[in-house]
Amino acid sequence: MPRKGMRSLCFSLKVPPPSSSPSRFSFSPSGPSFSETVMDRTLDLAEPIITKWDPETTTFARVTSLFHENRIEARDFIKTVSNLHKAMQFLVTENPSSERMIRAQNLMQTAMKRLQKEFYQILSMNRAHLDPESVSTRSSRTSISSSASDYYDDNDDDVRAVNDSIFEVEDVSTIAMADLRLIAECMISSGYAKECLKIYNIIRKSIVDEGIYKLGVEKFTSSHIHKMDWEALELRIANWLNALRTAVETLFNGERILCDYVFASSDSIRESCFTEITKEGALILLAFPENFAKNTKKSPEKIFRALDMYAAISNHWPEIDSIFSFESAINIKSQALTSLIKLADFVRAALTDFESVILKDSSKMITAGGGIHYLTVDAMEFLSILADYSNYLSDILADSPTPAKKPLPESYFGFSDSDESAAPEISQRMAWLILVLLCKLDVKAKYYKDISLSYLFLANNLQYVVVKVRTSNLKYIIGEEWLRKHDIKIKQFASNYERLGWSHVINTLPTHDSAAVDTPQKIKEIFRKFNTAFDQAYKKQSVCVVPDNKLRDDIKASVGKKIFRLYREFYTAHRRAMGKERNLAAVVRYAPEDVGHHLSDLFFGNIESGSSLSFMSAPSPTRRLKSH
C-alpha cells in the first residue's frame, strides 16, 4: 500500500455509522477487530525499519548513526515509532496480552534502544557544538531558530529535498538541537522519559561541572577561607567575579536555552532536568561570597572586594532570577540573596571598623610645616573610592541607621540631620565619617606648639578633604551645601593662621598715614622693628607648606596685600629721608620688591630643614589601613 494511504488509514480512519449495506470496515465476529487490523498494518510497516537499525542484530546498525547516515530515514523512523505507539494505545484497551501487543512491545523496546543510542551519540559527538557559549550566543529562550524543527514537519517531498540541501550548510549546533528535541519528544511520548533524561543529565551535567572547574570555582570550607591570607583570597575573589559573569551569561544561560528547547514538550521535565544539571555548580558558585563574608576579618581594606561581589550579584540578579525561575531552583536564588545579605553585613561592619580606626589613631606625630596628615590622605582616599559604589551603598545602608552619635549642629553636616527632613542614609553616613576625621584632626592640631601652624594644618587638611569631595562622587552624595560651608571654614582657618603668624609684622607699620611719622628716630625705629619682625616671621613660616595651589595663592595674596602694601607706602614716604643715614643698609634692609620676593617663596616648605613633608612621604592608604 502507498505510504500516503497508510497515513490515511492510521490517522483519518473513522468508524462509519451502522448501515444495512456492506462496508469495507465491517468485521465479522470471528475476524480481527479494528484495533487489531490497525496494529497488523502498523507492525508490517514498522518492523522492517526498526529491525534494520537494531544495534544488537547487525554490525551496520551497531557502528552507524541513523541521524548522521540518512536524515530522511531518521525522520521516518521517528514517525514509525510514533505510529506504533498510537496503535498500541488502541489495542491495549481491547487485548493487552495479545500476541500482537507482545510483538509491538518488543519492537518498541528495540526502537527505544536505538533512540537512546542516537541520543547519546548526538550529545557526545556534538559537545563542542553544543557548548553553552555556542548555544547562548546563537539562541535565546524566547526565540530559538525553528528551521531545524520546521524541516521535520514538512510533508511535501519537494520541500523536503530543498530543506535537505539547506541543512547541508546549516549550523551544526542547530541541527543537533533539533535532532535531540525530536528524539526526546518521541521517547517521552512513548513512556521512556526516564531513560532519555538519564542520558541527558549525565552528559550535560559533566559539561556544566567541567565549565565550573575551568572557571576556577572551588568549594571552600569555612576553615579554608579563614586560614587564607588576604593576597591569596583577593586573587580568588577576582577570579570569582569573572567566573560569575561567564557562568550566568554563558554557562547557565546556555544550558537553560538548550534544556528549554530539547524538552519543550514537557514543563516538568524541563524543570527537573535543568535543575539537576546546574544546581550543584550554581550553589558552589553563589555560596563563595557568603563564605567570604562570614569567615573573613571585617577590616576596611577588604570592603571594596566585598562591594565588588555585592555589585556583581546585584547586576546579574535579573538574569539569575530569569534563568533559575523554576520552583525547584528556589535554593539557588535563595543562596544568591543570602550572599547579598551577608556581604551587606560585612560592608556595614567594615565601615564601623573604619570609623574605629580613625578614632583610635593615637599618633602624636605632627606633619612638617602644617602639611597634610597621613590620616587625612588615607581616610579620604578610602571614602572617595567608596563613593564609587554609591548605588550599592545606598541599598546596603538604607535600612541601617547611622551609629549612635551626639546631636550636632546642622553646620557640621552641611544639611539637616533632623528626623523631619533627614538626608539619605548614605549622605548622613559619609558626612559623619568625614566629621569623625575632622574631629580627630582638631585633636592633632593641638600638638603644634605654634598656634598659627595649627591653624595652617587645619586649613591644609580641610582643603584636602574638600577637594577630594569636590572631585569625586562624594560631591553628589554630600552635596554643594556641605562644600560651601566647609569652604567658609577653610577661609576662617587661613585667616586665623594669617592673624597669628603675621599680625606682629603688620603691626610694626603705620596703617593709616605713613607720612605722619616725621622724626628720623621714629622712622628708623619702625624700619628696625619691621626688619626684626619680618625676619622672625619669615624664618618661622618658611618651613610651612601649603600643597594646594589655590589655597597657597590665596594665603600669599592675602598676606602680601597687607604687608607689601603697607611697607611699600612707608618705604616710599621715608626712603629719601633716610638717604643721609650712614648705616642705611642696616636700617633699610628690604626694598618693597625684596619683601614681595620673600613672600612669593613661602609655603613650598624648606627642604633644607631636614623635615620630610607629610604629603610627600605619607604611607599608601592600603598599607596604613592594614597596619590597623
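## Surface and overall make-up

The chain has an accessible surface of about 31300 Å², and 52% of that belongs to carbon and sulfur atoms. Keep in mind that this is a predicted model. Of the 628 residues in the chain, 49% are buried.

As for secondary structure, there are 29 helices and zero strands.

## The nonpolar core

The largest nonpolar core takes in 173 residues, and F119 and F263 are the ones with the most contacts inside it. Helix α13, covering residues 230-262, supplies the largest share of this core, with 16 residues.

What does F263 touch? Setting aside residues up to four places away in sequence, its partners are F119, A184, I188, C196, L197, Y200, I269, R270 and C273.

## An enclosed helix

Helix α20 runs over residues 425-445, so 21 residues in all, and 18 of them are buried. That leaves the helix largely enclosed by the rest of the structure. From first C-alpha to last, α20 reaches 30 Å, close to the 30 Å expected at 1.5 Å a residue.

## Salt bridges

A search of the whole structure turns up 31 salt bridges. Are the two partners buried or exposed? D308 counts as buried because its relative accessibility is 19%, under the 20% cut-off. R305, at 21%, counts as partly exposed.

A second pair links α15 to another helix. The side chains of D321 and K333 form a salt bridge with an N to O distance of 3.0 Å. D321 lies in α15 while K333 lies in helix α16 (residues 330-360), so this pair ties together parts that are twelve residues apart in sequence. D321 is partly exposed, with a relative accessible area of 32%, whereas K333 is buried at 13%.

Then there is E481 with R484, whose side chains meet in a salt bridge at 2.7 Å, N to O. Both residues are in helix α23 (residues 480-506), three residues apart, or about one turn of the helix.

Where does S190 sit? It is in the loop between α10 (172-189) and α11 (193-214). S190 is buried, with a relative accessible area of 10%. Its side chain reaches the backbone oxygen of C186 at 2.8 Å. Not counting residues up to four places away in sequence, S190 also touches V81, H85, M108 and M112.

S454, for its part, is found in helix α21, which spans residues 451-470. S454 counts as buried too, at 10% relative accessibility. A polar atom of the S454 side chain lies 2.5 Å from the backbone oxygen of I451. Leaving aside neighbours within four places in sequence, S454 is in contact with A445 and Y448. A445 happens to be the end residue of helix α20, which covers 425-445.

## A loop residue with positive phi

One backbone angle is worth a look. F603 has a phi near 75°, a positive value in a residue other than glycine. The residue is found in the loop between α27 (592-600) and α28 (614-617). Is F603 buried or exposed? With a relative accessible area of 1%, F603 is buried.

Note on methods. Residues are numbered from 1 along each chain as its sequence is written. This is a predicted model: local features need pLDDT of at least 70, side-chain atom pairs count only at pLDDT 80 or more; totals for chains, interfaces and linings use all residues. Side-chain values use heavy atoms; hydrogens and water are left out. A nonpolar core is a set of buried Ala, Val, Leu, Ile, Met, Phe, Trp, Tyr and Cys residues joined through side-chain atoms within 4.5 Å. Buried means under 20% relative accessible area, exposed over 50%, partly exposed in between (1.4 Å probe, protein chains only). Helices (H or I, at least four residues) and strands (E, at least two) are DSSP runs, numbered from the N terminus. Contact means heavy atoms within 4.5 Å. Accessible areas come from the Shrake-Rupley method with a 1.4 Å probe; for residues, only the protein chains shown count as cover. The expected span of a helix is 1.5 Å times one less than its number of residues. A salt bridge is a side-chain nitrogen of Lys or Arg within 4 Å of a carboxyl oxygen of Asp or Glu. A polar contact is a pair of N or O atoms within 3.5 Å; within protein, one must be able to donate a hydrogen and the other to accept it, and residues adjacent in sequence count only if both atoms are side-chain atoms.
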